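Please study the sequence and the three-dimensional structure shown here, and then work through the exercises in order.

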Amino acid sequence: MNLIRFWGSKSNNIISNLIKEYSKDGDIILDPFGGRGVTVIEALKMRRRVIYNDLNPYAFFIAKNLSSPLNLSELEKAFNLLIEKISTTRYPIKNSKQKFVTLDQLYSTRCKCGAERKIRYTTWSLLYKRNSMEHKKYIQNKGRRLEEIAFRIYDILPSEEFSYHELRRSIEQDPSLRKVKPNVITRAINEVLIKNKLLKVVGEQPLEIIYTSRCKCGLIRKDVEREDFLKLKEISNASLPANYYYPIDELKYDNGKYFYKRRNISTLDQLFTKRNLIVLSILQNEIQSLHCSDEIKDALLFCLSSIIFASSKMQRPRAGAWSVGCYWVPPSFIERNVIELFKSRYRKLLKWKKIVKGLYENYFLLGNVEDVLKKSASVAFLKMDAQNLPIPNDCIDYIIVDPPQMDEIQYFELSFLAAKWLKLDIPFEKEIVVNPRQGKDKETYWNMLKAAFQEFTRVLKPRGRITVMLHGEEEEYFRKFREIFETLKLKTISTTFEKYRFKNNFHRNDRKRLNGDYYITLEKQPSNRLQQI
Ligand SMILES: C[S@@+](CC[C@H](N)C(=O)[O-])C[C@H]1O[C@@H](n2cnc3c(N)ncnc32)[C@H](O)[C@@H]1O
Ligand SMILES: [Zn+2]
């Protein structure tokens with residue numbers, strides 16, 4: 001089910017083992033920090049009833065769309081209509097003179113042999129300009145490793161103005177830089193050279209084009225030629241009709257402060273090439289105006305939201321999904337063909353929906369919390385603050401809690417991009433997280449978590465169980481949790497350690513961390529009278 005990525009998502013296996021071990025047929029399971037909704041899928045598979053919750057509207061959207069069965073023939077009909085529409089329409093993509101183009105034309109090029117080819121992706125490199133030597137002394141004096149590397153890079157800059165691609169070539173010829181990892185080079189450029197104004201980013205340059213399939217002449221790629229360059233230039237000056245939507249939001253909270261994890265950009269549209277911005281916008285608009293049910297529309301919007309990252313400048317060559325937890329444009333990125341991405345994501349969705357059908361189509365009965373409690377529904381979706389759940393006392397059999405971890409992953413901030421494409425608002429204020437820009441320190445975080453756990457304990461049946469997943473963090477982290485459990489009189493019944501099956505990108509560079517999670521299962525005591533905490 002690699003249909004959509006969600007930061008820090010848990011594998012189906014782990015969740016399904018927990019459900020098997022700690023609940024039985026017909027039990028009611030709650031996941032108050034539900035993320036992309038793995039618990040819903042696994043619970044329904046095993047014929048449990050389930051209440052999903054996540055305050056993040058993007059997580060909520062993903063979870064609901066991922067787990068709901070759909071009318072497949074309606075879905076296919078709508079998709080075919082959409083593709084028909086976007087491949088035959090000539091869109092008024094305005095330049096100085098009005099011009100009408102098909103989307104295929106936007107992603108087409110001419111091969112060396114003269115044949116027309118469809119573009120799979122184009123590689124781009126940032127363009128830098130060198131500034132005066134003024135600050136060189138400052139860097140030299142500091143003598144930290146990153147500064148030393150930056151200083152060396154500055155010494156071998158290929159020219160006054162150059163692309164990252166050209167810089168890489170100089171680096172590879174330099175004995176002292178050759179072995180430095182690319183991400184360290186990037187940090188030296190951003191955190192030292194650009195920060196100290198020795199370099200600045202002045203643009204970006206298309207370098208190479210890769211076709212969707214091999215040309216008759218045998219080629220699968222070519223360097224960007226003058227004709228391509230002119231076309232891209234024209235597109236970059238183009239504008240869309242006024243009624244076409246794309247997000248231009250600033251990367252800021254309601255309090256006016258810039259996001260915590262952000263590097264070299266300030267608005268969402270800066271994350272896209274003009275071409276991809278135009279195509280995503282058209283896709284979005286065409287899906288919105290389809291004549292079909294809301295569920296089908298949402299399923300197609302789900303596909304769209306799941307390709308946003310891969311369509312953006314954050315997509316690095318030879319790299320997978322969003323593994324650097326912040327907003328930035330890397331020094332070299334690839335611009336993928338949005339239509340091709342969308343089609344292939346749709347095929348994955350269809351395959352997945354066929355599986356869902358077989359797993360629990362007839363058991364899936366959507367309702368509200370009350371319906372689930374009365375057994376007239378098997379699943380309910382909530383989008384509430386976990387500190388305040390609209391669920392009665394003593395009614396849940398089993399709770400699975402995967403809490404947000406301090407400041408490591410900024411779930412709401414990272415969801416902002418896709419949420420804005422879906423025109424959803426992110427309620428930052430109530431997010432449980434450590435984030436200095438939002439004015440949330442560790443103490444705030446712990447107070448919010450305590451309130452949430454108090455809520456979980458309240459809704460749990462006496463003798464009901466709750467499993468809490470904890471990353472291997474510092475000692476303090478575990479101690480704080482133990483304190484919460486003690487105050488709430490939750491009795492530990494088991495502790496296990498589960499290794500990550502996949503490499504977790506967020507932790508890859510941090511050797512101090514454990515390569516897995518702790519699972520602590522606790523039981524609510526019957527005489528549990530909640531204390532004020
Ligand atoms: C560790 S993630 C859960 C990931 C999930 N287990 C999965 O597999 O996708 C924590 C979740 O808590 C959510 N969250 C943060 N603050 C919240 C709050 N106050 N109420 C409810 N959910 C919140 C985040 O949106 C995020 O999805
Ligand atoms: Zn050719």
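The exercises below treat helix packing, the domains and the surroundings of the ligand.

The model is predicted: local features need pLDDT of at least 70, side-chain atom pairs count only at pLDDT 80 or more, and totals for chains, interfaces and linings use all residues. Residues are numbered from 1 along each chain as its sequence is written, while chains are lettered from A and ligands numbered from 1 in the order in which they are written.

**Exercise 1.** Determine how helix H1 and helix H2 pack, and which residues meet.

Solution. Helices (H or I, at least four residues) are DSSP runs, numbered from the N terminus. Step one: H1 covers residues 12-22 and H2 covers residues 38-45; their axes lie 9 Å apart at an angle of about 50 degrees. Axes are lines fitted to C-alpha atoms over the stretch in contact, and angles run from 0 to 180 degrees between N-to-C directions. Step two: H1 is therefore oblique to H2. Angles under 35 degrees count as roughly parallel, over 145 as roughly antiparallel, 65 to 115 as roughly perpendicular and the rest as oblique. Step three: H1 contributes Asn12, Ile15, Ser16 and Ile19, which meet Val38, Thr39, Ile41, Glu42 and Ala43 of H2. Contact requires C-beta atoms, placed from the backbone, within 7 Å.

**Exercise 2.** Describe the packing of helix H12 against H4 and against H11.

Solution. Step one: the axes of H4 (residues 72-88) and H12 (residues 294-306) come within 10 Å and cross at roughly 60 degrees. H4 and H12 are therefore oblique to each other. On the H4 side the contact involves Glu74, Leu75, Ala78, Phe79 and Leu82, and on the H12 side Ile296, Ala299 and Leu300. Step two: H11 (residues 274-288) packs against H12 at an angle of about 170 degrees, with the axes 9 Å apart. H11 is therefore roughly antiparallel to H12. Step three: Leu283, Gln284 and Ile287 of H11 meet Lys297, Leu300, Leu301 and Leu304 of H12.

**Exercise 3.** State which domains the chain has, and how many residues of each are in contact.

Solution. Step two: the domain centres, taken over C-alpha atoms, are separated by 31 Å. Step three: 18 residues of domain 1 are in contact with 21 residues of domain 2. Helix H15 (residues 411-421) supplies six residues, the largest share of the side of domain 1 that touches domain 2.

**Exercise 4.** Identify how many residues surround ligand 1, and which are the closest.

Solution. Step one: ligand 1 is surrounded by 21 residues, and the closest are Phe33, Gly35, Leu55, Asn56 and Asp402. A residue is near a molecule if its C-beta atom, placed from the backbone, lies within 6 Å of it.

How values were computed: Helix = DSSP H or I, 4+ residues; strand = E, 2+ residues; numbered from the N terminus. Contact = placed C-beta atoms within 7 Å. Domains from an automatic or database assignment.
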